[in-house]
Amino acid sequence: MNLSRPVQASDDESRIEMWVETRLASPEKANALSLSIIDWKEYGHDESDKIDPARERDFDRLEGRGAIRTDSALRIIAQQMPGEAAQYFDVIGRSLLDIYDVIPPSANARLLEAVAERQPIRNQRMRQKTEAQRLFVLQGYPLIDKTGLFAGYRFTAEPDDQSASGADIKRTSGKLISDSLFGLQLGPALRQPLGKIIANAETISSKLEGPLRGDYASYAKDIASAGRHLLDLVNDLSDLEAIERPEFTVAGDDIDLVDIAHRAAGLLAVKAADHQIRIELPDEDEKLPASGEFRRSLQILVNLVGNAIRYSPDGSVIKLRVSAEPGFSRISVTDHGDGIAAEDQERIFEKFERLGRSGDGGSGLGLFISRRLARAMGGSLDVDSKAGEGSTFTLSLPDRKKT
């Protein structure tokens, strides 16, 4: 039986899509097969085909992941770890194996074996400077240069503090944090299978493995959408658990609200384009410094812009504006949705409150978490709206002079 499959080949300049078919090489040799290209087309790269490294890094930082880039000899080229505001340039040029070692039970394993087994690693440099021990799980991506040769790795570093020894686990009101429900147990256990479900469903819906009936592709798209909704819910419940702990704190990074506005818009550009919605941003040359944790500030703005896209009519405009007042820097997100009645404007910041909406993919936790995060950073989150006239959500954070 002849089999055929779609194949893609790509370089920096173009992409070739082809159909490849198996054929019997010779009637006399039953086991001899050949591959034949039966059709092919060449395309130039669209802008949408290109991966923006800056956007990829923003997704990592939004999810609390760090990044490590090495060359082919595993020497560190760049490192930005989660929770650390700046790079540590004293590690540049040193071997990754000199900076990190693998914790038991894989202490004697090679680093790449540990990456494959998702074994945590620990930062020896930080361990020497402080009593606290930070653990990370690495996921590595091989890098190939333009000549097709191996050029090193790009690692994402996800905090894995729950794997620390019992002596290193913090306590909250006499109870081990490792006993928490979502943050350290159910959350990590659910994210991996949900991620696989989403990835496989998107592969099916995009017909990458060959032709597929239209209704099946639609089913797969629905499965991917439901998986993303469940993953968002897991993330919201993990955040909810974190912010309600008595010891919850945020970092006081030096941030720029204009920069964060552009990053949030970049992360949601595809979602906005799907609804023909234009996001109007402050000029990139404009600056508005503030004090607040970078990741949490980006998280709040992504939530606000995402809500604006969800509840705005197709083809409308969402405006992001920045302003300053004594002691505070402010950024506002204005949409042209249905608006919020005066009596509901405080209710929307309550836990699990959705004002009767259903089927829109929301969990009712985003605004509750965002306001708690804003207040933890010494700021506020408020809404100004009228029914039928759209809404403006404003995030205020302390300016740098105040700190």
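This briefing covers the salt bridges of the structure above. The model is predicted: local features need pLDDT of at least 70, side-chain atom pairs count only at pLDDT 80 or more, and totals for chains, interfaces and linings use all residues. Residues are numbered from 1 along each chain as its sequence is written, and side-chain values use heavy atoms, with hydrogens and water left out. A search of the whole structure finds eight salt bridges (a side-chain nitrogen of Lys or Arg within 4 Å of a carboxyl oxygen of Asp or Glu).

**Within a helix**
- D259 pairs with R263 in a salt bridge, with the closest N and O atoms 2.8 Å apart.
- Both residues lie in helix α7 (residues 257-267), four residues apart, about one turn of the helix. Helices are DSSP runs of H or I, at least four residues, and strands are runs of E, at least two, numbered from the N terminus.
- D259 is partly exposed at 29% relative accessibility. R263 is also partly exposed, at 23%. Buried means under 20% relative accessible area, exposed over 50%, and partly exposed in between (1.4 Å probe, protein chains only).

**R330 and E325**
- A salt bridge joins the side chains of R330 and E325 (3.3 Å, N to O).
- R330 counts as partly exposed at 28%, and E325 counts as partly exposed at 35%.

**Helix to strand**
- R371 forms a salt bridge with D382, the closest N and O atoms being 3.6 Å apart.
- R371 sits in helix α10 (residues 366-376) and D382 in strand β17 (residues 380-385), so the pair ties together parts 11 residues apart in sequence.
- R371 is buried at 7% relative accessibility, whereas D382 is partly exposed at 39%.
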